Amino acid sequence: MCAGHTEVVDADVSQYFDTIPHAELMSRWRGGSVIGRCSDLLKLWLKAPVAEPAAGGGWRYSGGKRATRGTPQGGVISPLLANLYMNRYLKVFRLRGSTGATGRGS
């Protein structure tokens, strides 16, 4: 408020980590200063299978080579990747000078 900002962006980010598209995330990654071998490591990270305990016992697997969305929740790099992807939307908010075309409360 001291800087003159009077609006708040309220966004529901439930399941955000699960829905980040890999192709668009990779394009954001390559657009930055980190390239080359780090991109290969990022691809491996995004394609790593995730094992979680299933409700009825045993294990439930997700992710893997065919995955096209999501970053592993609880992974040490996932918050960084989520912020990198979210940055594109924050830039739009800054350029428009408001919360966007949908208006308040939508």
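**An aromatic cluster, a hairpin and a buried threonine**

Y16 and Y85 are both buried. They belong to a predicted model, in which Y16, F17 and Y85 make up one aromatic cluster.

A pair of aromatic rings is characterised by how far apart the centres lie and by the angle of the planes. Two aromatic pairs are counted here. In the pair of Y16 and F17, the ring centres are 6.1 Å apart and the planes meet at 65°; because an angle over 60 degrees counts as edge-to-face, that is the class of this pair. The accessibilities of these two residues fall into separate classes: Y16 has 14% relative accessibility and is therefore buried, whereas F17, at 25%, is partly exposed. The rings of Y16 and Y85 have centres 6.5 Å apart and planes at 35°, so this pair is tilted. The pair joins distant parts of the chain, since Y16 lies in helix α1 (residues 16-19) and Y85 in helix α4, 69 residues apart.

The strands come next. Strand β1 (residues 49-53) runs antiparallel to β2, and five bridges join them. Within this pairing, A51 is positioned opposite Y61 of β2. The two strands form a hairpin with five residues between them, and G57 in the turn has a positive phi of about 100°.

Is T71 buried or exposed? Its relative accessibility is 4%, so T71 counts as buried, the cut-off being under 20%. Leaving aside residues up to four places away in sequence, T71 touches F17, I20, L25, L46, S78 and L81. One of these contacts, F17, is also a member of the aromatic cluster with Y16 and Y85.

Technical notes. Residues numbered from 1 in each chain as written. Predicted model: local features only at pLDDT ≥ 70, side-chain atom pairs only at ≥ 80, totals over all residues. Heavy atoms only, no water. Buried < 20%, exposed > 50% of the residue type's maximum accessible area, 1.4 Å probe, protein only. Contact = heavy atoms within 4.5 Å. Pairing = 2+ DSSP bridges. Helix = DSSP H or I, 4+ residues; strand = E, 2+ residues; numbered from the N terminus. Phe/Tyr/Trp six-rings, centres within 6.5 Å; stacked < 30°, edge-to-face > 60°.
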